[in-house]
Amino acid sequence: MVLRMEAVRIGCRIRKIGYLRHYGDEFTIRAELPTGTKTELAKIIEGWGDYFFYGFADSYETHLIKWTLADMRVFRGAYSRMIASPSASIALKKNADGSKFAAFRWSVFPPELVVATAERVAA
């Protein structure tokens, strides 16, 4: 018997609690930079990353109160189908530094995208 463990690459984004109320049902990936440098979205499409960890921190920024682990293979396949659609429309949100993020709702992706998720209930 041979057991083998390959390297697993996981991208990670943690957002502040203030974003949870309005954006808790979506995730964002940087899609444009004013410098023209390659973005996270471009790297993902090129094949970087096996999983994506996306979460929201508590108000003290010491614990996660909601998180999701997503399969990037599923994301890449679904994203390719999205942009190939004649009615494709991916919302870009501008950041204060001039960069732009693509915003995606978890619900528009196949259920296989989400590998694991958890939300801490306030006591």
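Which residues have the most contacts inside the largest nonpolar core? In this predicted model, they are Phe27, Ile29, Phe75, Phe104 and Leu113, within a core of 21 residues. At least two residues of this core are supplied by each of β2 (26-32), α2 (40-45), β3, β4, α3 and β6. Helix α3 provides the largest share, namely five residues. In soluble globular proteins, nonpolar side chains tend to be buried together. Leaving aside residues up to four places away in sequence, Ile29 touches Arg13, Glu40, Leu41, Ile44, Phe52, Phe75, Lys100, Phe101, Ala102 and Phe104.

Aromatic residues were considered next. The structure contains 16 aromatic pairs. In one of them, Phe53 and Trp67 are stacked, with 5.5 Å from centre to centre and 20 degrees between the planes. Because Phe53 belongs to strand β3 (residues 51-57) and Trp67 to strand β4 (residues 64-71), this pair ties together parts that are 14 residues apart in sequence. Trp67 has a relative accessibility of 24% and therefore counts as partly exposed.

Phe75 and Phe109 also form a stacked pair, since their ring centres are 5.5 Å apart and their planes lie at 25 degrees, and stacking requires planes under 30 degrees apart. This pair links distant parts of the chain, 34 residues apart: Phe75 lies in helix α3 (residues 72-84), and Phe109 in the loop between β6 (100-105) and β7 (114-119). Both Phe75 and Phe109 are buried. One aromatic cluster is formed by Phe27, Phe52, Tyr54, Phe56, Phe75, Tyr79, Phe104, Trp106 and Phe109.

Terms used. Residues numbered from 1 in each chain as written. Predicted model: local features only at pLDDT ≥ 70, side-chain atom pairs only at ≥ 80, totals over all residues. Heavy atoms only, no water. Phe/Tyr/Trp six-rings, centres within 6.5 Å; stacked < 30°, edge-to-face > 60°. Helix = DSSP H or I, 4+ residues; strand = E, 2+ residues; numbered from the N terminus. Buried < 20%, exposed > 50% of the residue type's maximum accessible area, 1.4 Å probe, protein only. Core = buried A, V, L, I, M, F, W, Y, C linked by side-chain atoms within 4.5 Å. Contact = heavy atoms within 4.5 Å.
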